[in-house]
Amino acid sequence: MNKKVQAIFTALLLLVLALPATAHADAKPGDVIVTLGKDLTIEQKENVLNQMKVNENEVEIVYVTNEEEHKYLGDYISDEKIGTHAISSAKITLAEEGAGLNVKTNNITYVTEAMYANALMTAGIHDADIFVTAPFKVSGTAGLTGILKAYDVKTDLKLTEDQKKVANEELVKTAELGEDIGKDKAAQLITKIKQALADHPVESKEDLRELIDKAAKDLNVQLTDEQMNQLLTLFDHIKNLDIDWSQLKNELNDMSEQLNQFLSDEDTQSFFKKVLQAIGSLIDQIRSWF
């Protein structure tokens with residue numbers, strides 16, 4: 001074997017030996033990936049892993065730092081809201097194609113399950129069971145950053161910087177809107193606008209404004225000029241992403257049904273609560289007569 005052939009053979013051998021390092025690209029349904037906030041103490045880490053019901057020696061773990069939070073959220077949210085520690089964590093269980101996204105949260109105060117799901121769909125993430133949690137009540141901003149990082153590092157789904165940025169922008173703007181009109185109502189509005197975009201793609205900013213305005217009116221939501229401008233900017237960014245709108249539409253329909261059911265149940269619960277309060281007041285009044 002001459003030296004040239006030997007050199008080629010050696011190079012190929014080294015390439016083959018290096019392949020296991022990229023084996024994570026073959027991520028398959030049932031695989032579990034855990035993201036942990038880098039600033040968790042040892043006790044807090046154990047608490048979170050227990051909540052997830054996982055053994056750290058048996059799962060792949062990705063750590064997310066506070067610096068990464070600021071990188072992706074800093075343009076849309078105050079430093080005070082992001083904080084100085086990355087705490088929120090997530091367990092991702094990859095699901096079969098077509099299963100959709102199922103998000104559950106614990107100790108997350110700023111971000112709802114629907115907000116996470118909506119933002120993840122925007123980033124191009126589908127078909128997974130996701131559990132976002134923390135050892136105590138936190139905003140949950142590190143949760144999304146960690147999930148996006150986990151997909152980027154541990155699967156063959158390579159997310160662009162634009163996808164990550166817009167997903168984080170959507171999460172923050174939905175949460176901010178939720179502080180004014182209610183978190184679930186805000187998530188419902190974002191979902192409805194996406195559904196409208198999937199059915200009727202628009203090009204001009206004026207058409208986009210009309211689409212958002214119609215979605216808001218359908219839900220009896222009155223948007224301020226500032227809120228409308230925020231949504232215009234967000235959805236202008238969303239519609240410029242490389243999104244499979246047909247796939248997204250099916251998932252949005254499922255989410256919309258769940259949100260409608262939840263809001264309906266919430267209204268029903270509120271009604272019966274008022275009835276029970278009225279009955280209680282009546283009983284107290286009758287007692288006072290005697």
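In the predicted model, five strands form an open sheet of mixed pairing, arranged in the order S2-S1-S3-S5-S4. The edges of the sheet are taken by S2 and strand S4 (101-105); each has a single partner strand, so one side of each is left without a neighbour in the sheet. On average, neighbouring strands of this sheet are turned by 15 degrees against each other, direction ignored. The chain as a whole contains 11 helices and five strands. Of its 290 residues, 43% count as buried. Among contacts with a separation of 6 or more, 79% are accounted for by residues 24 or more positions apart.

Strands of a sheet pair through backbone hydrogen bonds, either parallel or antiparallel. Both senses occur around strand S1 (residues 32-37). With strand S3 (residues 89-94), S1 runs antiparallel and is joined by four bridges. With strand S2 (residues 60-64), S1 pairs in the parallel sense over five bridges. Thr 35 has a bridge partner on each side: Ala 90 in S3 and Val 62 in S2. S1 is mostly covered, with five of its six residues buried.

On the S4 side of the sheet, S4 and strand S5 (residues 128-133) run parallel and are joined by five bridges. Within this pair, Asn 102 stands opposite Asp 129 in S5. Helix H5 (residues 113-123) packs on the sheet and touches both S4 and S5, its direction making about 140 degrees with that of S4.

Helix H6 (residues 141-154) has 14 residues and should span 20 Å at 1.5 Å a residue; its end C-alpha atoms are 20 Å apart, which agrees. Because 12 of the 14 residues of H6 are buried, this helix is largely enclosed by the rest of the structure. The buried residues of H6 include Gly 143, Leu 144, Ile 147 and Leu 148, as well as Tyr 151, Asp 152 and Lys 154. Helix H8 (residues 183-199) has 17 residues and reaches 25 Å from its first C-alpha to its last, close to the 24 Å expected at 1.5 Å a residue. H8 is likewise largely enclosed by the rest of the structure, since 12 of its 17 residues are buried. Among the buried residues of H8 are Leu 189, Ile 190, Ile 193 and Leu 197, along with Gln 188, Lys 194, Gln 195 and Ala 198.

Asp 244 is 46 residues from Ala 198 in sequence, while the C-alpha atoms of the two residues are 9.1 Å apart. Asp 244 is located in the loop between H10 and helix H11 (245-289). Its relative accessible area is 42%, and Asp 244 is therefore partly exposed, whereas Ala 198 is among the buried residues of H8.

Helix H10 (residues 225-239) contains Gln 227. At 12% relative accessibility, Gln 227 falls under the 20% limit and so counts as buried. Leaving aside residues up to four places away in sequence, Gln 227 touches Leu 177, Asp 180 and Gln 222.

Most residues other than glycine have a negative phi, and most peptide bonds are trans. Lys 53 is not a glycine, yet has a positive phi of about 60 degrees. This residue lies in the loop between H2 and S2, and is exposed, with a relative accessible area of 74%. In Asn 220, also a residue other than glycine, phi is positive and near 60 degrees. The place of Asn 220 is in the loop between helix H9 (205-218) and H10. With a relative accessible area of 72%, Asn 220 is exposed.

How values were computed: Residues numbered from 1 in each chain as written. Predicted model: local features only at pLDDT ≥ 70, side-chain atom pairs only at ≥ 80, totals over all residues. Heavy atoms only, no water. Helix = DSSP H or I, 4+ residues; strand = E, 2+ residues; numbered from the N terminus. Buried < 20%, exposed > 50% of the residue type's maximum accessible area, 1.4 Å probe, protein only. Contact = heavy atoms within 4.5 Å. Pairing = 2+ DSSP bridges. Expected span 1.5 Å × (residues − 1). Axes fitted to C-alpha atoms, helices over the stretch in contact; angles between N-to-C directions.
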